[in-house]
Amino acid sequence: MSVTDRRDVIDVLAGDHRAVEDLFQQLETGAAGMDGTRKSLVDAVALELAWHCTAAQRYLLPLARRALPDGEALADEHTAEHLTVEHMVRDLEGKDPSDARFEPLLAQLIAAARGHIEHEEQITFAELTRECDRGELLAAGEELTAARRRAATSEPAPTAKAGPGGLAGLASPAGPSGPVPSVVDRVRAVLSDS
């Protein structure tokens with residue numbers, strides 16, 4: 001990989017934002033997922049948001065804490081936003097689109113995620129670009145990209161047709177029926193192993 005091909009952590013996470021926004025727009029226009037259901041599209045959103053929140057916590061926020069004058073406060077604010085989004089993902093994950101609470105929960109999730117994305121891009125990304133060493137941003141981006149590659153190859157995905165970043169197996173794990181851990185918890189587990 002040449003130096004010009006390298007993506008820093010901000011580029012990688014901004015790519016997650018674009019993927020999430022694309023999924024939101026599909027949901028808002030009434031599109032269905034790969035299997036023809038709205039639920040599969042929501043599952044793709046849940047996976048992408050779970051990945052993004054977990055990755056930002058692990059690879060972006062430590063840089064903010066170290067490099068920015070208000071880094072502790074900013075990272076704490078993002079952590080709270082991530083926890084709110086993760087809580088909404090968990091709530092939505094267990095609902096069927098026919099549930100009367102599904103659409104209101106989805107609308108709340110979209111609004112919260114869009115607010116977070118705007119805050120992250122306009123403030124955190126801009127400040128880190130200005131204040132953080134470019135080498136640190138590139139190193140974090142490479143670590144994040146490598147972790148995502150490892151996650152894509154370590155998770156069996158026999159029932160998944162596609163998914164954000166190759167992590168489709170995390171959205172619908174194979175296994176016995178019964179309570180299945182949230183996609184948020186599965187993503188955290190995969191990233192903690194990398």
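Tutor: Residues are numbered from 1 along each chain as its sequence is written. In this predicted model local features need pLDDT of at least 70, side-chain atom pairs count only at pLDDT 80 or more, totals for chains, interfaces and linings use all residues, and side-chain values use heavy atoms, with hydrogens and water left out.

Student: What pLDDT does the protein average?

Tutor: The average is 83, where pLDDT is the predictor's confidence in each residue, from 0 to 100. At least 70 is scored by 81% of the residues. Over residues 156-166, however, the pLDDT is below 50.

Student: How do you know that α4 is 30 residues long, and what span is expected?

Tutor: Helices are DSSP runs (H or I, at least four residues), numbered from the N terminus, and α4 covers residues 102-131.

Student: Where does α4 bend?

Tutor: At Glu 120, by about 35 degrees; that is the angle between axes fitted to the seven residues ending there and the seven starting there.

Student: What makes a space a cavity?

Tutor: On a 1 Å grid over the protein atoms alone, it is a set of points where a 1.4 Å probe fits but cannot get out.

Student: Which residues line the largest cavity?

Tutor: Among them are His 17, Leu 49 and Ile 117; lining residues have an atom within 4 Å of a point.

Definitions and conventions: Contact = heavy atoms within 4.5 Å. Helix = DSSP H or I, 4+ residues; strand = E, 2+ residues; numbered from the N terminus. Expected span 1.5 Å × (residues − 1). 1 Å grid on protein atoms, 1.4 Å probe; cavity = no way out; pocket = protein on both sides within 12 Å on 5 of 7 lines; lining within 4 Å.
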